[in-house]
Amino acid sequence: MHRIDNPMAASETKPGQDAEPLPKKTDIPDELSYIVLLEDWEIAPDNLKLLDKKLGGGQFGIVMQGLLTTTKGDSEVVAVKMLKDSAKESDLQDLMTELTILKEVNKVPHPNVIRLIGGCSIGGKLHVITELCTGGSLRHLLINSRVYPSEKNSSNYINLSSTLNHRQLVKIAADISSGMVHLSSQKFVHRDLAARNILIGEDNMAKVSDFGLARDVGGAEEYIRNNQNLLPVKWMALESLLHGRFTIASDV
């Protein structure tokens with residue numbers, strides 16, 4: 001596939017002819033935008049088969065299990081993120097931003113950051129393909145590991161224990177810290193670090209995922225919020241809540 005370096009470039013005109021007007025943004029097919037965005041990460045749609053198993057989702061997005069066939073003929077079970085039909089333009093922009101950041105972060109792969117495999121356009125919809133973490137989210141792991149008191153009708157957290165031992169919990173915390181150190185070294189802020197966005201892979205290895213709210217701070221060392229998009233209030237630092245200021249420090 002030839003890479004399209006400048007899809008907005010004007011065509012040549014003969015002397016005396018009016019130049020053909022540049023296409024408006026709305027005239028450019030989504031597939032073309034996705035090709036430019038994906039670059040070397042583009043995967044042929046025919047190589048991806050969506051399986052009938054939902055892994056997760058939110059108000060506007062959904063994650064499905066898929067089967068990816070590589071150019072060598074091998075196959076890999078993967079996670080595929082896409083938007084629902086009810087999604088808005090801003091949701092598409094968030095997904096494209098997430099893909100852009102995943103591309104940058106995965107230039108230097110890290111075992112504690114979700115691995116991007118690629119993406120493709122199917123039916124005009126962007127599909128982002130990542131490794132599959134069979135352990136699900138850390139939130140589900142913590143909930144499923146709870147051991148409640150034997151008293152009947154006990155609905156509080158008094159005397160609550162876990163099937164996970166201290167060594168396992170410390171390892172998960174260390175994995176998350178290692179992944180966040182990698183993100184900070186790449187000058188990114190996550191802005192949504194929560195148990196639901198930590199995925200558990202083989203040997204209970206924790207991986208930072210879901211970069212829909214992540215931003216590149218570059219040399220500025222901070223990101224100032226300039227819109228009213230919904231944010232995870234329960235997980236935000238005080239300076240982020242009061243002033244909309246996000247830094248590497250506020251992430252953790």
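Of the 33 residues in the largest nonpolar core of this predicted model, Leu-126, Leu-138, Ile-176 and Phe-211 touch the most other members. Such a core is a set of buried Ala, Val, Leu, Ile, Met, Phe, Trp, Tyr and Cys residues joined through side-chain atoms within 4.5 Å, where buried means under 20% relative accessible area, exposed over 50% and partly exposed in between (1.4 Å probe, protein chains only). At least two core residues are supplied by each of helix H1 (30–38), H2, strand E5 (125–131), helix H3 (138–144), helix H4 (166–185), strand E9 (198–200) and strand E10 (206–208); helices (H or I, at least four residues) and strands (E, at least two) are DSSP runs numbered from the N terminus. H2 makes the largest contribution, with seven residues. Because domain 1 (31–131) and domain 2 (136–152 + 159–251) both give residues to this core, it lies between them; the domain bounds come from an automatic or database domain assignment.

Residues are numbered from 1 along each chain as its sequence is written, and side-chain values use heavy atoms, with hydrogens and water left out. As the model is predicted, local features need pLDDT of at least 70 and side-chain atom pairs count only at pLDDT 80 or more, while totals for chains, interfaces and linings use all residues.

Leu-126 is in contact (heavy atoms within 4.5 Å) with Tyr-34, Leu-37, Lys-81, Met-82, Leu-95, Met-96, Leu-99 and Cys-120, leaving aside residues up to four places away in sequence.

The largest pocket has a volume of about 1600 Å³. On a 1 Å grid over the protein atoms alone, a pocket is an open set of points where a 1.4 Å probe fits, with protein on both sides within 12 Å along at least five of seven lines, and lining residues have an atom within 4 Å of a point. Its volume is the space filled by probe spheres set on the points, which are joined across faces, edges and corners. Among the 48 lining residues, Gly-57, Gly-58, Lys-81, Asn-197 and Asp-210 are the closest to the pocket centre. H2 gives the largest share of the lining, six residues. The lining comprises 20 nonpolar, 16 polar and 12 charged residues, with Ala, Val, Leu, Ile, Met, Phe, Trp, Tyr, Cys and Pro counted as nonpolar, Asp, Glu, Lys and Arg as charged, and the others, Gly among them, as polar.
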